[in-house]
Amino acid sequence: MSAADFIMRPEDAARMTGYSVFMIRRFAHRGEFAATMPRGRRGGWEIVRPSFEAWWSSKRASSANRNN
């Protein structure tokens, strides 16, 4: 796995989930998945893809409509 496969931008996460970029940044700020701002506030967020995908998977599972 290359570094490009390991890191994603908030715009990519927003496209994947349907959330706005603003909400993705807010989730990152709250620490809901692993993300960093390696170049400070001007550089923006870099999201750790495996952490984000695990978060998104659990979020979708918890909101799934179940008929049990």
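## Terms and basis

A residue is called buried when its relative accessible area is under 20%, exposed when it is over 50%, and partly exposed in between, with a 1.4 Å probe and protein chains only. By these limits Glu53 is partly exposed, with a relative accessible area of 35%.

The model is predicted, and local features need pLDDT of at least 70, side-chain atom pairs count only at pLDDT 80 or more, and totals for chains, interfaces and linings use all residues. Residues are numbered from 1 along each chain as its sequence is written, and side-chain values use heavy atoms, with hydrogens and water left out.

## Overall layout

The chain has 4 helices and 3 strands; helices (H or I, at least four residues) and strands (E, at least two) are DSSP runs, numbered from the N terminus. Read from the N terminus, their order is α-β-α-α-β-β-α.

Of the 68 residues in the chain, 26% are buried. The accessible surface is about 4,800 Å², and carbon and sulfur atoms hold 50% of that area; such areas come from the Shrake-Rupley method with a 1.4 Å probe, and for residues only the protein chains shown count as cover. A contact means heavy atoms within 4.5 Å. Among contacts in the chain with a separation of 6 or more, 46% join residues 24 or more positions apart.

## The nonpolar core

A nonpolar core is a set of buried Ala, Val, Leu, Ile, Met, Phe, Trp, Tyr and Cys residues joined through side-chain atoms within 4.5 Å. The largest one here has 12 residues: Met8, Ala13, Ala14, Ile24, Phe27, Ala28, Phe33, Trp45, Ile47, Phe52, Trp55 and Trp56. Helix 2 (10–17), helix 3 (21–30) and helix 4 (49–62) are the elements that each give two or more residues to this core.

Ala13 is one of the core residues. Apart from neighbours within four places in sequence, Ala13 is in contact with Met8, Ile24, Ile47 and Phe52. In soluble globular proteins, nonpolar side chains tend to be buried together.

## Aromatic residues

Rings of Phe, Tyr and Trp (its six-membered ring) form a pair if their centres lie within 6.5 Å; planes under 30 degrees apart count as stacked, over 60 as edge-to-face and the rest as tilted. The structure holds 8 aromatic pairs. One of them joins Phe52 and Trp55 in a tilted arrangement, 5.5 Å centre to centre with 40 degrees between the planes. Both residues lie in helix 4, 3 residues apart, about one turn of the helix.

Trp55 also pairs with Trp56, again tilted, at 6.2 Å centre to centre and 35 degrees between the planes. Phe52 and Trp55 are buried, and Trp56 is buried as well. One aromatic cluster takes in Tyr19, Phe27, Phe33, Phe52, Trp55 and Trp56.

## Salt bridges

The structure holds 5 salt bridges, each a side-chain nitrogen of Lys or Arg within 4 Å of a carboxyl oxygen of Asp or Glu. In one of them, Asp12 meets Arg15 with the closest N and O atoms 2.6 Å apart. These two residues are 3 residues apart in helix 2, so about one helical turn separates them. Asp12 is partly exposed at 29% relative accessible area, while Arg15 is exposed at 62%.

Glu53 and Arg49 form another salt bridge, with closest N and O atoms 3.7 Å apart. They are 4 residues apart in helix 4, so about one helical turn lies between them. Arg49 is partly exposed, at 25%. A salt bridge also links Glu46 and Arg39, 3.2 Å from N to O; Glu46 is buried at 19%, whereas Arg39 is exposed at 52%.
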